[in-house]
Amino acid sequence: MGREKSIAAFEEAQKYIPGGVNSPVRALRSVGETPLFIKKAEGVTLTDIDDNQYTDFCLSWGVFIAGHANPKVQQAVINAIPNGTSYGIPTLLETQLAKRVSELIPSMEQVRFVNSGTEATMSAIRLARGYTKRDYIIKFDGCYHGHADHLLVSAGSGVATCGISSSSGVPQDFAKYTLVAPFNDKEALREIFSRHKDEIAAIIVEPVPCNMGVVPQQNDFLKFLREITTENQSLLIFDEVITGFRLTLGGAQKFYGIEPDLTTVGKIVGGGFPAAAFGGRRDIMQLLAPLGPVYQAGTLSGNPIAMTAGLATLDILSQPNVYEELNAKAERFINKLAEILRPKGVVINHVGNMFTPFFTGGIVPHDFNDVKKSDTAAFARFFRYMLSHGVYISPSQFEGNFVSIQHSDAKLAEILEIAKGFEG
Ligand code: KE4
């Protein structure tokens with residue numbers, strides 16, 4: 001599996017792009033590899049510029065639950081492109097997708113489209129602050145909500161992967177209103193709310209944290225978040241950029257039966273094009289410009305091509321039994337993979353079709369402190385072993401992996417056979 005062309009391409013890329021990548025976690029530094037340069041993706045197969053092929057469990061960080069280059073999505077986009085790709089003027093497609101999102105996630109009574117998950121969470125927090133007229137927000141250690149200044153505090157994903165707890169270039173004053181608690185720690189939250197009575201605008205949470213690796217809630221933690229925010233007239237923001245349309249068609253809030261005040265979605269909703277959204281209670285959303293005093297905007301927000309791809313993707317996912325079959329298939333695969341890797345001290349956390357193999361020597365991670373006990377060198381060896389056998393898992397211990405409707409049982413069985421050969 002030579003990768004000479006990717007290695008040369010990486011050299012060239014580094015001359016013009018910092019670190020040779022447009023997003024740090026693609027650099028594969030934490031797993032001791034040089035990045036692949038991909039020329040084609042179809043279904044669950046990536047092809048790099050050296051013509052090596054890999055079964056993909058990263059799926060562009062969770063976007064392609066319906067598989068790369070899904071023919072129905074492709075055709076819809078091909079039909080749309082001759083009409084132009086952006087007008088900066090309303091289109092019917094935006095209303096169509098907003099209506100669809102609201103039907104699938106009823107707590108999102110109104111929806112505003114943006115171009116990235118970062119924009120969605122940044123906007124949702126501004127809106128929460130505008131609505132409550134309070135400044136403080138609470139996030140959880142190891143959760144990642146994009147790279148807005150005030151959210152790069154004890155963040156997961158690429159921030160954790162790069163081993164930095166936050167980011168330089170963020171003035172302390174920008175971060176001082178961001179309070180951090182360990183995920184699953186009710187006592188810590190009670191303490192923060194008593195210390196900052198009537199000052200907390202919102203809690204923002206990944207309902208299934210995936211950016212420290214998959215760490216499920218314990219002891220009805222999400223229900224507790226709903227209760228403590230209601231008690232304190234704070235808002236609850238579910239960042240479902242990953243879980244939205246992934247766990248169920250209604251996201252994690254349907255999976256757990258918890259209704260947040262605001263929700264962000266991304267990745268799947270754009271069907272592989274730059275699109276994300278935030279939305280929630282109508283009385284809150286009405287504060288947004290041009291109606292209200294909370295400003296938010298975007299040149300390409302709601303562009304017709306991303307809306308087309310999002311609608312086509314949700315059409316595929318709305319077919320009968322898609323999630324029942326996907327989650328059952330994923331459960332079978334993940335449980336067998338856990339059995340194979342258990343003797344290597346690996347614990348696999350999963351919820352539905354999203355999973356992370358943790359090299360924690362048997363400790364089941366319940367928060368970021370547990371996750372940080374992972375042997376990241378062992379994870380890197382596992383990553384490199386799987387890559388050398390044609391399997392691309394997410395290139396960080398602090399990320400999730402995803403099973404798509406296009407991962408066949410036969411392909412998953414093949415992957416299990418490969419994993420059996422990993423010697424640690
Ligand atoms: P983007 O700005 O990258 O579109 O979305 C930010 C974001 C917000 N909320 C959650 C829960 C997210 O997972 C993300 C982005 N996810 C990472 C991977 N876990 C993106 C990958 C990358 O940074 O390259």
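User: Into how many nonpolar, polar and charged residues does the shell around the ligand divide?
Analyst: The model in question is a predicted one, and in it 17 residues surround the ligand, with S23, T118, N211, D239 and E399 as the closest. Sorted by residue class, the shell around the ligand divides into 5 nonpolar, 8 polar and 4 charged.

User: Which domains each contribute at least three residues to the shell around the ligand?
Analyst: The domain assignment of the chain gives two segments, 4–69 and 321–420, to domain 1, and residues 71–317 to domain 2. The ligand shell draws at least three residues from each of them, and the answer is therefore domain 1 (4–69 + 321–420) and domain 2 (71–317).

User: What distance separates the centres of domain 1 and domain 2?
Analyst: The two domains touch each other, with 36 residues of domain 1 in contact with 35 residues of domain 2. Taken over C-alpha atoms, the centres of domain 1 and domain 2 are separated by 24 Å.

User: How far is a nitrogen atom of the ligand from an N or O atom in the side chain of N211?
Analyst: N211 belongs to the closest residues around the ligand, a list that also includes E399. For E399, a polar side-chain atom lies 2.8 Å from a nitrogen atom of the ligand, and for K267 a polar side-chain atom lies 3.1 Å from a ligand nitrogen. In the case of N211, an N or O atom of the side chain and a nitrogen atom of the ligand are separated by 2.4 Å. Of the 540 Å² of accessible area that the ligand has on its own, the protein covers 87%, and the distance asked for at N211 is 2.4 Å.

User: Is I268 buried or exposed?
Analyst: I268 is found in the loop between β9 (262–265) and β10 (276–280). Leaving aside neighbours within four places in sequence, I268 is in contact with G62, V63, I65, G244, F245, R246, T313 and L317, and the C-alpha atom of I268 is 7.9 Å from that of I242, a residue 26 places away along the chain. Because the relative accessibility of I268 is 1% and the cut-off is under 20%, I268 counts as buried.

User: The backbone oxygen of which residue lies 3.1 Å from a polar atom of the side chain of R134?
Analyst: R134 lies in the loop between α5 (117–132) and β5 (136–140), and R134 is buried, with a relative accessible area of 11%. Beyond four places in sequence, the residues in contact with R134 are R129, D198, E199, I200, A201, N232, Q233 and S234. The backbone oxygen that lies 3.1 Å from a polar side-chain atom of R134 is that of D198.

User: What is the relative accessibility of A330?
Analyst: A330 has its place in helix α13 (residues 322–341), and apart from neighbours within four places in sequence A330 is in contact with G352, N353 and V403. H407, 77 residues apart from A330 in sequence, is 9.0 Å away in space, C-alpha to C-alpha. A330 counts as buried, with a relative accessibility of 0%.

User: In which helix is T308 found?
Analyst: T308 is buried, with a relative accessible area of 10%. Not counting residues up to four places away in sequence, T308 touches A76, V77, A80 and L93. The helix that holds T308 covers residues 304–317 and is α12.

How values were computed
Residues numbered from 1 in each chain as written. Predicted model: local features only at pLDDT ≥ 70, side-chain atom pairs only at ≥ 80, totals over all residues. Heavy atoms only, no water. Helix = DSSP H or I, 4+ residues; strand = E, 2+ residues; numbered from the N terminus. Buried < 20%, exposed > 50% of the residue type's maximum accessible area, 1.4 Å probe, protein only. Contact = heavy atoms within 4.5 Å. Near = heavy atom within 4 Å. Polar contact = N/O pair within 3.5 Å; in protein donor to acceptor, adjacent residues only side chain to side chain. Areas by Shrake-Rupley, 256 points an atom, 1.4 Å probe, with all protein chains shown as cover. Nonpolar A, V, L, I, M, F, W, Y, C, P; charged D, E, K, R; others polar.
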